[in-house]
Amino acid sequence: MTRQFKIDAANAALSLVEDGMKIGLGSGSTAEEFVRVLAPKVAEGLSIIGVPTSERTGALARELGIQISTLDSYPHLDLTIDGADEIDGRLQLIKGGGAAHLREKIVAFASDKVAVVADHTKKVDMLGAFPLPLEVISFGLVATKAAIEKLCKNEFGLTAKLTLRENAGAPVVTDNGNLVLDASFGRIPDTKGLATGLSQIPGLVEHGLFIDIADVAFIAGPGGVETISRAASA
Ligand code: 5RP
């Protein structure tokens, strides 16, 4: 069922696609459904260029016959379609469950419009139940962790439980060669403040808070697809 909701959201996002667009392709299972519904349109003659946010999405797009390129070749994109781990009522997001949030944020930042595709389980009243992904470099990891904990405690009264993300007993390494810390807060009342604070910490390459980046979200559930746009949610 959840997969069908992801496909429904992906199909709804197709309405934003126009011939000739340069499109950022997000990462994760819902963004991959978008790649899958886009591919038949390309086979029918739609001309677009996709800029993938991860090696995995790039491989899928290539396999399905979608022309892909890089942000260096196309530094200005018309649209990005991506998933999210949490979405609040103001279209603020937590991303990075797939460890791709650094490239996802760079690609989103280069896009005229950013659309989120998700199933209804991603919608929350307040961000923070999903552990916040933090891409960090391995050099000085202990000092970086201490700086994150200090900032969260002193500035935001948040106790950050930081866990190094692992897979099959080995640290997860991002497409950029970095590590990921997952910060369990439970709830993040001041998302903008925390995003700003975390951005100041050297060694923390990028956090998964996407503040004022998404323009529209297509959220699919049993009642159909809900469209939330930034103007309406502000
Ligand atoms: C990857 C992401 C994904 O968009 C996010 O984790 C959602 O993934 P899914 O659609 O599989 O639930 O941010 O870094």
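T53 sits in the loop that links β2 (49-52) to α3 (55-63). In this predicted model, T53 counts as buried because its relative accessible area is 1%, and buried means under 20%. Leaving aside residues up to four places away in sequence, T53 touches L25, G26 and S27, along with A100, R103, E104 and V107.

Which residues of α3 are buried? They are T57, G58, L60 and A61. Viewed down the axis of α3, these buried residues fall within an arc of 165 degrees, so they line one face of the helix. What do they pack against? Their partners are β1 (22-25), α2 (29-43) and β2. Now turn to the face of α3 pointing away from the buried side: here you will find the exposed residues E55, R56, R62 and E63. Just after the helix, G65 adopts a positive phi of about 85 degrees.

I137 counts as partly exposed because its relative accessibility is 32%, a value between the cut-offs of 20% for buried and 50% for exposed. Together with F139 and V205, I137 makes up a nonpolar patch on the surface, and the three residues share about 290 Å² of accessible area.

Technical notes: Residues numbered from 1 in each chain as written. Predicted model: local features only at pLDDT ≥ 70, side-chain atom pairs only at ≥ 80, totals over all residues. Heavy atoms only, no water. Patch = residues over 30% accessible without salt bridge, like charges linked within 9 Å, V, L, I, M, F, W, Y side chains within 5 Å. Areas by Shrake-Rupley, 256 points an atom, 1.4 Å probe, with all protein chains shown as cover. Salt bridge = Lys/Arg side-chain N within 4 Å of Asp/Glu carboxyl O. Buried < 20%, exposed > 50% of the residue type's maximum accessible area, 1.4 Å probe, protein only. Helix = DSSP H or I, 4+ residues; strand = E, 2+ residues; numbered from the N terminus. Contact = heavy atoms within 4.5 Å. Arc of directions from axis to C-beta.
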